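Let's take a walk through this model together. Keep the sequence and the 3D view side by side as you read.

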Amino acid sequence: MGKLESENAEAIGSFLSDTSAKVFVAGHRGLVGSAIHRKLVALGFTNVLVRTHAELDLTRQADVEAFFAAERPRYVIVAAAKVGGIHANSTYPADFIAVNLQIQTNIIDAALRCAGGAVRKLLFLGSSCIYPKLAPQPIPESALLSGPLEPTNEWYAVAKIAGIKMCQAYRIQHGLDAISAMPTNLYGPHDNFHPENSHVLPALIRRFHKAKVSCANEVVVWGTGSPLREFLHVDDLADAVVFLMDRYSGLEHVNVGSGKEVTIKELAEMVKEVVGFEGELVWDNTKPDGTPRKLMDSSMLAGMGWEAKIPLREGLADTYKWYVENVVDQ
């Protein structure tokens, strides 16, 4: 840990004190990127670079290289990714592996090759699905590549694992200060509420709201409700990203979690209560559950002095309010 601590000490203050520098947030319209963008603006960063997909297709290497050559950002945060739940991963496996590999490879490589070593630091965001299906619980960073992945999202997971390894390889071979953060299950404003291609929490919010306004008698939810899950509000993740950009500079990826877990059944009951649906909750046992339990061991990050602040019920209420004001009837 001596080397890690010295690297951390060397990095302290390098990011938060550099508020006039160009910071490229790739994927600023998504759940994660939008939260990071909001956080940086709130902290007084005056030169946050963002591009829509129409303005910059991150899967096109030449376009990404041209962007980096023209803008020469000092910091890069890779929040762009193709994401989705079990149904989406099962239906579009080629998209989940190819698009994610293209995005992260293009950005990390362009960051290295940017003229004059302009990029001082890069943070790559992954996902807790990088870990084996039957990983020890809570899952430590060392569990990576220690067993088979959960089959329902292995395409996405393999791409994210490649991103971690690319950051490590570019640090070892080229000295690029590239770090990786692996958040647990996320939720919050700007989440994807699509009826088929969404994660469990926004899917539950959408289903219970639709049932409430249509006066339905029941809501059907996939699986048995038994899997255990950990959730982190995306604003907490944004806070952790800024913390790591400022405090961490090491080879190993860092878990980012809340440290608290609930069953999907408990989560569904909580969403039902927050939304105000008074009908019945029915479980479709013919549908897959996914990973049985997934709790991140975030002790490395906690040891640096960071912890999550937003309670799940408070975060759910905030997310439902955003959904009603921004998604409903659109």
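Helices (H or I, at least four residues) and strands (E, at least two) are DSSP runs, numbered from the N terminus.

A word on the ground rules. This is a predicted model, where local features need pLDDT of at least 70 and side-chain atom pairs count only at pLDDT 80 or more, while totals for chains, interfaces and linings use all residues. Residues are numbered from 1 along each chain as its sequence is written, and side-chain values use heavy atoms, leaving out hydrogens and water.

Back to strand 7: five bridges join it to strand 11 (residues 280-284), and the two run parallel. Two strands pair if DSSP finds at least two bridges between them. V220 stands opposite V282 in strand 11.

Now look for the open sheet of six strands, with the order 2-1-3-4-5-9 and parallel pairing. Its edge strands are strand 2 (48-49) and strand 9 (254-256), each of which pairs on one side only. Strand 3 (residues 75-78) has both faces covered: Y75 and I77 on one side and V76 and V78 on the other are all buried. Strand 1 (residues 23-26) runs parallel to strand 3, joined by four bridges, and A26 has V78 as its bridge partner there. Four bridges also join strand 3 to strand 4, again in parallel, with V78 standing opposite F124 in strand 4. Over at strand 9, three bridges hold the parallel pairing with strand 5 (residues 178-183), and V254 is the bridge partner of A181.

What lies across strand 4 and strand 5? That's helix 6 (residues 154-174), which runs at about 155° to strand 5. Axes are lines fitted to C-alpha atoms, for helices over the stretch in contact, and angles run from 0 to 180 degrees between N-to-C directions. Contact means heavy atoms within 4.5 Å.

Helix 6 also packs with helix 5 (residues 93-113), at an angle of about 15° and with the axes 8 Å apart. Helix 5 and helix 6 are therefore roughly parallel to each other. Angles under 35 degrees count as roughly parallel, over 145 as roughly antiparallel, 65 to 115 as roughly perpendicular and the rest as oblique. The residues making this contact include F96, I97 and L101 of helix 5 and W155, Y156 and M166 of helix 6. They divide into 14 nonpolar, five polar and two charged. In that count, Ala, Val, Leu, Ile, Met, Phe, Trp, Tyr, Cys and Pro are nonpolar, Asp, Glu, Lys and Arg are charged, and the others, Gly among them, are polar.

The axes of helix 9 (residues 264-275) and helix 11 (residues 312-326) come within 10 Å and cross at roughly 50°. Helix 9 and helix 11 are therefore oblique to each other. Among the residues in contact are L267 and M270 of helix 9 and L316 and Y320 of helix 11. This contact divides into nine nonpolar, no polar and two charged residues.

Next, a couple of tucked-away residues. N89 lies in helix 4 (residues 86-91) and is buried, with a relative accessible area of 2%. Its contacts, not counting residues up to four places away in sequence, are G84, F96, T152, N153, W155 and Y156. L56 sits in the loop between strand 2 and helix 3 (61-71), and is buried too, at 6% relative accessible area.

Finally, some backbone details in the loops. A cis peptide bond joins Q137 and P138, with omega about -10°; P138 is in the loop between strand 4 and helix 6. R72, between helix 3 and strand 3, has a positive phi near 45° and is partly exposed at 41% relative accessible area.

Technical notes:
Buried < 20%, exposed > 50% of the residue type's maximum accessible area, 1.4 Å probe, protein only.
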